[in-house]
Each structure stands twice: as structure tokens, then as C-alpha cells.
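Subject: Structure handover

Hello,

Here is the structure I promised to pass on. Please open it next to this email, and my notes come after it.

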Amino acid sequence: MNTSAMAQSGRFRARRMARGSVTEGAARAGFAARGVIYLLVGALALQIAFDGSGRQADRGGALQELAQKPFGAVLLWALGIGLVGMALWRLSEALFGSVGKDGRSARKRLMATVRFAFYVFVAYSVLSFAISRHQSGGSSDQQSRDATARALEIPAGQWLVGAAGAAIVVAGGWIAVRAVLRKYHDKLRLGQMSHRTRQLVDVTGVAGGAARGLVFAVAGAFAVRAAVDYEPDRAKGLDDTLRSFADTPLGPWLLACVAAGLVLFGVFSFAMARWRRV
């Protein structure tokens, strides 16, 4: 009986280790895929800042850029599969909990569920583009305006759009503050990094996270304005949100700084793929 129990326990541990290895691989592939998207979006935004490029500085523009590279189809499929991996990892966190002392809390599971839904949408859009590369499903700006218009038409739609925009503003601020406070240290294997590497990761994590949070907050503010004015065209996607930085008194230089921050966040995502505790 003891031998049987030991064998069963051994099989359980083996299955858990196998599941852990698959989950870890999926998560690291997802972080790498996220890094590629932010690198490309940041690079496109830099082009807009310096030469007024007409290309879309959003996910659609990034996919178009990637499709034009050698082996573009292979790269697109790899990117989509990596994002599917990220979605599956977030699903595993929702079902089984994440690392950390409060990894099984209801709050962590809810956040994992929201992130799972987000990455399912992103992975679907990337894989759809990989299948039919002649179109990207429209710009993020048009999608935002269409979604806002539909939401405003439903009962209490103005309040719902305003609340959603406010939530995005809060999320952007939360992302930026956590980045500045280096809260990501809790999720990294810092002991495996040299002092020099840790400094470089902090530069990308703080500057990149702050830029990402700022973009989220500004996009949310535009959604709130669209709700208050009852004008769907006030809502902006990622491309128009980034371009709006160039319309400030600081002009293209502010856009260039934000774009550089997004590039740094892409690099930080690669660091997460390498050193993130999963």
C-alpha cells in the first residue's frame, strides 16, 4: 500500500512539474511576443515624431511592419502563438493561483481573468492578421470610435463610457506608479542578475512602465471626454493618443520621449521573459 501511495504521489509530482514547465514556457513566449509589439509600436511612434510618418503607431501598424520583413508570415505566426501562450498562462493563474504569498487571493485571480480575456483578444487579432495579411481589422482609432459610438447608444451608455474611461485612467496611473516604485522587483529573479544587469533592467522597467501608464491614462481621458461631450469621435485609439502628444506645447519632443519609453518597455518585456518568476 505504501509503495502504491508513493507511486501515485510520484506521478502527481511529475504531472505538476510537467504542467509547470509548459506554463513557464508559455509565459516566457508571451512576454517575448509582447516585447516585439511594444518595440515596433515605439519605433513607429519615433518615426512619426521625427518625420511625420503616416504609418499607424498601434498594434495594426506593428503587424503591417512585421509582415513586410523577411519571413514575415513566420514571424506573425510566432508572435500570435506567443500571445496565446501568455493567455494560457494568465488562465492558469486564474484557475490555480499565481506566485507570491497572496497568489491565490480573489483579487489576484480576478486580475488574471481580466488579463486572460485581454490577451485572448490580442492573440486573436494577431492570428487573424497572420491568416489574411491584406487587412489588419482597421486602425485602433477607428475601432475605438466605433466601440464608443455603440456604447453611447445603449441605456446609460454615457455613464458606462465615462466609467470605463475613468477606469483606464486609474489603471494607467497604477501602472506608472508601480513602475516608478519598482514593484516589479517582487516578480523578478534578482539574484540571477549582475549589478549592471539589474541597473539596466531598472532603467527599462521604470521609464518603460511610466510611458506605458501615461499612454493608458491619456487614452482613458479621451474616453471620458467623449462621454461628457457625447461625441464618439473624441475617443482615440493608441495611434491618435500617441499623436496627441505632438500637439502639446512640447511638440514632437514629448512624443519622441513617450515613444522611446515604449521601446524601453519592449526591452523590459524581454527581461521579464528571461527573469520573471512564473
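Below is what was found, going from the whole chain to single residues.

First, the ground rules. This is a predicted model, so local features need pLDDT of at least 70 and side-chain atom pairs count only at pLDDT 80 or more, while totals for chains, interfaces and linings use all residues. Residues are numbered from 1 along each chain as its sequence is written, and side-chain values use heavy atoms, with hydrogens and water left out.

**The whole chain**

The chain has 9 helices and 0 strands. Helices here are DSSP runs of H or I with at least four residues, strands are runs of E with at least two, and both are numbered from the N terminus. Read from the N terminus, the order is α-α-α-α-α-α-α-α-α. Of the 278 residues, 40% count as buried. Buried means under 20% relative accessible area, exposed means over 50%, and partly exposed lies in between (1.4 Å probe, protein chains only). Take the contacts (heavy atoms within 4.5 Å) with a separation of 6 or more: residues 24 or more positions apart account for 75% of them.

Helix α3 covers residues 72-96, which is 25 residues. The expected span of a helix is 1.5 Å times one less than its number of residues. For α3 that gives 36 Å, and the end C-alpha atoms are 36 Å apart, so the two agree. G97 follows α3 and has a positive phi, near 95°.

Helix α4 covers residues 106-131. Its 26 residues should span 38 Å; the end C-alpha atoms are 37 Å apart, which agrees. The buried residues of α4 include Y119, L127 and F129. A112 and S125 are also among them.

**How helices pack**

Start with α2 (residues 59-67) and α3. Their axes are 8 Å apart, at an angle of about 140°. Axes are lines fitted to C-alpha atoms, for helices over the stretch in contact, and angles run from 0 to 180 degrees between N-to-C directions. The angle makes α2 oblique to α3. Under 35 degrees counts as roughly parallel, over 145 as roughly antiparallel, 65 to 115 as roughly perpendicular, and the rest as oblique. On the α2 side, L63, L66 and A67 take part; they meet G72, L75, L76 and L79 of α3. By class, this contact has 6 nonpolar residues, 1 polar and no charged. Nonpolar covers Ala, Val, Leu, Ile, Met, Phe, Trp, Tyr, Cys and Pro; charged covers Asp, Glu, Lys and Arg; the others, Gly among them, are polar.

Next come α6 (residues 157-180) and α7 (residues 195-229). Their axes come within 7 Å and cross at roughly 165°. The two helices are therefore roughly antiparallel to each other. Residues in the contact of α6 with α7 divide into 17 nonpolar, 9 polar and 1 charged.

**Single residues to look at**

S244 sits in helix α8 (residues 238-245). Is S244 buried or exposed? S244 counts as buried, because its relative accessibility is 16%. Neighbours within four places in sequence aside, S244 is in contact with V218 and F222.

A156 is not a glycine, yet its phi is positive, about 60°. A156 lies in the loop between α5 (140-153) and α6.

R182 is in the loop between α6 and α7. Phi of R182 is also positive, near 60°, in a residue other than glycine. R182 has 40% relative accessibility, so it counts as partly exposed.

Best wishes
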